[in-house]
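Q: Can we walk through this model together? I'd like the strands to begin with, then the ligand.

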Amino acid sequence: MTEAAPHAVHLSDYAPYPFVIDGVELTFRLDPGRTRVISRIAFSPNPDGPGHSALQLDGERLKLIWARIDGAPVEPRITPEGLTCDVPTGSFVWEAEVEVDPAANTALEGLYMSNGMYCTQCEAQGFRRITYYPDRPDVMARFEVTIESDAPVRLSNGNPQEPDAQGRARWSDPWPKPAYLFALVAGNLTARSASFTTRSGREVALNVYVRPGDEDRCDYALDALIRSMRWDEEVYGREYDLDVFNIVAVDDFNMGAMENKGLNIFNSKYVLASPQTATDRDYEMIEGIIAHEYFHNWTGNRITCRDWFQLCLKEGLTVFRDQQFTGDMRSAPVKRIEDVLQLRARQFREDAGPLSHPVRPESYIEINNFYTATVYEKGAEVIGMLRRLVGAEAYDKALALYFDRHDGQACTIEDWLKVFEDATGRDLTQFKRWYTQSGTPHLRVLESWEDGTYSLHLQQQTPPTPGQPEKAPQVIPVAVGLLDPGGREVVPTRLLELTQAEQSFSFEGLSDRPVPSLLRGFSAPVVIERASTAQERALLLAHDTDPFNRWEAGRALAKELLVDMISNGTDPGDDYPGALGKVIEDEGLDPAFRALTLALPSEDDIAQTLKTAGITPDPMAVHEALNRLAVACARHLRAPLAALHDALAPNGPYTPDAEAAGRRSLRGAALGLLTRIDDGSRAEAQFAQADNMTEELGALTALLRAGKGHEQLAQFERKWSQDRLVMDKWFSVQVMLAAPREACEIADRLTAHPAFDWKNPNRFRAVLGGLAANHAGFHAPGGAAYALAADWLIRLDPVNPQTTARMSTMFETWRRYDADRQDMMRAALERLAAAPGVSRDTGEMVGRMLG
Ligand code: ARG
Ligand code: ZN
């Protein structure tokens, strides 16, 4: 087999497509091994294109049966990537029939089968595996689809039409769209339905399609959809634009979900929920992802991306919108803390390593490798900063202009920023660096105090990243408030705009030297470097009016203590547990907030913190220090924790709302700590009594973390062996929470379990992703876990390159560790790179990681 050497695509090479499409008709004759796709595409010259050229269409793994132009047979030149065909000047009609093999499609891109049902995933470039087509987002067209199949349910985008004379299902999508938003589903499915009336009176039928037997797990997704539709009308003035909105749950899916026009396709774990099978976290994810995909209908579908370099245009904005939504539905401060935890765990980690790239990258080999935390999460932070800088009202005005000006278009970041410039009169030239410059800025803070004037001297500096040795100063919105030594706020939040490499800001007329509350609400995705005392942190933890910074103060205390324990062997002491005690016993605070404060930083976070401080992290020492601190907290707080665990016991049937979930999360955090120092009976009792998955899994994980719970693990398996989503939890928790020296062996054993269906991405991630998520287990001495993970990635790569490439990021931190671990991790990466026929996806990732 000879594959063309993978070549990079560059943003600077963008050129418009020479043709526009006047209409697309697709007919599918579905068959597992031999599906036929007949296409009829009307092309015209693009007035903004380069002039007359040959027709080039993308196409991969297609068997061309015949092709015609204006009815006359043609013989195009075919390559593994597509075809070229001479065409007349002026308009013409391309017709073709191709054959594809959905049953053999294990990559889960294009048309594939999951549990006997047909489904598609076309973003980013899967449509070219369905038929020959200009598979690029700036080519938008109206699609008419006909489906021939015995399946009882046959779906595509747009509005359903009457079946044709042969009884074939027909769909018509009135909204021009790029091919990546195409979708088709057919199979034996059952629906839960509802309806929604838009504010202008359009009646929309809502359906959640699932496998028979799962219909009692759809209510929450439907409810979240209705709330999303209402919220987008109220907050962004956006209405839905078709007669139906369909959601389909599939078990085999590479990512979370996909916003195909009128036919969203979801990983079933982000749709199906019942109190017995889904945790509070699952419910929150379902709500957020349902909202995310729905919001794409305007930010992504009605206004799409000109090319894949602009991916953050739709993803950053849509993540920002779903974060706002969740903040409105639940607690905004709690949501902000959760989002920052995620950002630091995934995006800061990415930005600190060899895979660092700008929010808008400038080149790629495989675009699927750029669906990253940087594009999504940092992309959302950039929108948040923009909103802070221009203010909420100007933001709303700019968004209204954006929808008005660009509806129906395929746009760029330049278009987006121009809208804000026109709406606000601001010059965003420097702000644009947030899109083009990679790396996490560090903000050094120096202070002075004289004659009632307090001054902050801010210095920004971004470490070099791959391909970007020099960094220019960025616009950093720094929200600051000041507290007096008694903890009273003397200066409410003020937004400082740092634009220079170094800049000073003064606050006058103060009677005492204040304690600053910096970067309130995490107003910019940066790392703050400031020498601070434990007293100051404790003051902020107790008194800051900004809830994010209250939490942050506790987090900083824990991190500094852990670094001290690890590098100097100090004891945990009583100050930190004492400060925690005040927070958890404060009945005036939201239980969810108290639970977040009680949670310790992750081992990965501490390893990164050590590295940033110039210390090579020893994963075993990090693990041991965290255990010691947890035990110290548990001992110090034993009585209040036990009281909380008792007081927060369920007092009625399970409800998934934020308030009830917050109480359960505090109860769970208390149990986790108590189980580290008791005989396990408290957790065993909770496990035995639980009537919902949050409490059941919470008890099980508390036991596993304390090295107990083997009997419960076996019971859990017997109880849930028929439930795929719950079994994913069973697979993952025992690897994730295993003792460092046992994790690899447990993972290895689980890969031999009869239910380890390694071609299912959720199951593969449960075990191998679980292993990588066990920091000390993954990095345990000897390197066995590295080798096991590499073996499995090598096995998965030919089957599913996309998931393999994504999971290879478990090695992205290899330069963090000691020489011995670096050698072993590099060896694992090199083995992956040298695997015969390594995919373009994995090849690119490994190449970048090895640098
Ligand atoms: N647009 C989808 C979402 O964020 C993600 C699709 C990712 N697909 C992929 N092949 N990378 O909602
Ligand atoms: Zn998205």
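Q: In strand 9, what is the bridge partner of Ser 39?
A: Ala 96 is the strand 9 bridge partner of Ser 39. This is a predicted model, where local features need pLDDT of at least 70, side-chain atom pairs count only at pLDDT 80 or more, and totals for chains, interfaces and linings use all residues. Residues are numbered from 1 along each chain as its sequence is written, and chains are lettered from A and ligands numbered from 1 in the order in which they are written.

Q: How many bridges join strand 3 to strand 9?
A: Nine, and strand 3 and strand 9 (residues 92–100) run antiparallel. Strands here are DSSP runs of E, at least two residues, and helices are runs of H or I, at least four, numbered from the N terminus. Two strands pair if DSSP finds at least two bridges between them.

Q: What about strand 2 and strand 3, which sense do they pair in?
A: Antiparallel, over 10 bridges, with strand 2 at residues 19–29 and strand 3 at residues 35–45. A hairpin of five residues joins strand 2 to strand 3. Phe 19 stands opposite Pro 45 in strand 3.

Q: What is the strand order in the open sheet?
A: The order is 6-5-9-3-2-12-15-14, eight strands with mixed pairing. Strand 6 (72–73) and strand 14 (159–161) are the edge strands, each pairing on one side only.

Q: Which residue in strand 15 is the bridge partner of Pro 160?
A: Trp 171. Strand 14 and strand 15 (residues 169–177) pair antiparallel over three bridges.

Q: Switching to the ligand. Which residues are around ligand 1?
A: Glu 123, Ala 124, Met 255, Ala 257, Met 258, Glu 259, His 292, Glu 293, Glu 315, Asn 368 and Tyr 371. The criterion is a C-beta atom, placed from the backbone, within 6 Å of the ligand.
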